[in-house]
Amino acid sequence: AEGAETIKAGTTATWHLHRARGDEESDLNLGVHDHMTSLEARVSKGLEDAQLVVYDGPLRGRHHAAGVGYVKTQHVQYLAPELQKVVAMLGEGQRTPLFAIGGGMPRWSWYLRLPGPRAHALSGVVRLELPDLGGDASCAAVRADQISAGLPRFASEPHKEARAPQNLYPIAGLEHRLRHRLGDALLLERALRVAAHAA
C-alpha cells in the first residue's frame, strides 16, 4: 500500500516506503523507476501549455501532447546491423528516419546525434520516442524534425557536465537542484540506516 508506512530518520527526513515486486536488486531498481515514472506523469499533467516535455527514458505509459521519451544510453539495439551503420554516420544535429516499436505501447522512434566530441561511433547519440496514436507517420516525422532541431542547443559540454552531451543542461540543472534540496547524502543514508535498524 503506497505511502502506508514511513520511516522517520531523526528530525531531518521522513521516508515513505513503497513496495517492490520482489527482493532482487532488479526488482528494487524497477520499483524505483516505476515510482519515478508515476511521479513524472503526475507532474507533467500540470504543464498544459508546454511546447516540449522531455521524459527521462522511454515513454513507459507517460502521455502528454508535447511529450517525448529521451533515452540517453543505448542498451537495446532496435535496428538491423546494416541499418545501425546509419546511426554511426550521423552528423551533429542529424537524425535517422523514424522506425516503429511495437509491444504494449506502440511508438515511433529515431536516433539523433547531439553536438560534442566523439570518443566512439555512438558518442552523443540519443534515442527519442513519440507515441504512435494510430495516425500517419508523416505527422510524427514533422514532430521529430521540430524536436531534433531544438534539442541540440541544450546539449551539455564536457567541461561542465561529466555525462555530456546527452545529459541536457535543463536535466543537469534539475538534478543539481534536487540534490541540493535533499541535503547531505551521507548524513541522510546514515539516518535511514539507523532508523531502519531501530524499526
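Tutor: Two strands pair if DSSP finds at least two bridges between them. Helices (H or I, at least four residues) and strands (E, at least two) are DSSP runs, numbered from the N terminus. This is a predicted model, in which local features need pLDDT of at least 70 and side-chain atom pairs pLDDT 80 or more, while totals for chains, interfaces and linings use all residues. Residues are numbered from 1 along each chain as its sequence is written, and side-chain values use heavy atoms, with hydrogens and water left out.

Student: What makes up the protein, in helices and strands?

Tutor: Five helices and seven strands. Along the sequence the pattern is β-β-α-β-β-α-β-β-β-α-α-α. The C-alpha atoms fill a box of roughly 55 × 40 × 35 Å along the principal axes.

Student: Why are β6 and β7 called paired?

Tutor: Seven bridges join β6 and β7, in the antiparallel sense. The rule asks for at least two, so the strands pair. One example is Leu112, which stands opposite Val126 in β7.

Student: How do you know that β4 and β7 pair?

Tutor: Count the bridges again. There are three, and the sense is antiparallel. Tyr70 has Leu128 in β7 as its bridge partner.

Student: And what makes β3 and β4 a pair?

Tutor: Four bridges, with the two strands running parallel. Val54 stands opposite Val68 in β4. Tyr55 has Gly69 in β4 as its bridge partner.

Student: Which strands make up the open sheet, and in what order?

Tutor: Five strands, ordered β3-β4-β7-β6-β5, with mixed pairing.

Student: What makes β3 and β5 edge strands?

Tutor: β3 (53-56) and β5 each pair on one side only. Neighbouring strands of this sheet are turned by 35° against each other on average, direction ignored. Helix α3 (residues 137-150) packs on the sheet and touches β4, β6 and β7 (125-131). Contact means heavy atoms within 4.5 Å. The direction of α3 makes about 30° with that of β6. Axes are lines fitted to C-alpha atoms, for helices over the stretch in contact, and angles run from 0 to 180 degrees between N-to-C directions.

Student: Why is β4 called largely enclosed?

Tutor: Five of its five residues are buried, so the rest of the structure largely encloses β4. Buried means under 20% relative accessible area, exposed over 50%, and partly exposed in between (1.4 Å probe, protein chains only). Gly67, Gly69 and Val71 point one way from β4, and Val68 and Tyr70 the other way. In a regular strand the side chains alternate between the two faces of the sheet.

Student: Why is the pair of Tyr78 and Phe99 called tilted?

Tutor: The centres are 6.4 Å apart, within the 6.5 Å limit. Tyr78 lies in the loop between β4 (67-71) and α2 (81-88) and Phe99 in strand β5 (residues 99-101), so the pair ties together parts 21 residues apart in sequence.

Student: Why does Tyr78 count as partly exposed?

Tutor: Its relative accessibility is 33%, between the 20% and 50% cut-offs. Phe99, at 11%, falls under 20% and counts as buried.

Student: What makes Phe99 and Tyr111 a stacked pair?

Tutor: The centres are 5.7 Å apart and the planes make 25°. That angle is under 30 degrees, so the pair is stacked. Phe99 lies in strand β5 and Tyr111 in strand β6 (residues 107-113), so parts 12 residues apart in sequence are tied together. Both Phe99 and Tyr111 are buried. Tyr78, Phe99 and Tyr111 form one aromatic cluster.

Student: How do you know that the length of α4 agrees with its residue count?

Tutor: The expected span is 1.5 Å times one less than the number of residues. For the 14 residues of α4 (residues 169-182) that gives 20 Å, and the end C-alpha atoms are 20 Å apart, which agrees. Just after α4, Gly183 takes a positive phi of about 90°.

Student: What is the omega of the cis peptide bond from Ala164 to Pro165?

Tutor: Near -5°. Pro165 lies in the loop between α3 and α4.

Definitions and conventions: Phe/Tyr/Trp six-rings, centres within 6.5 Å; stacked < 30°, edge-to-face > 60°.
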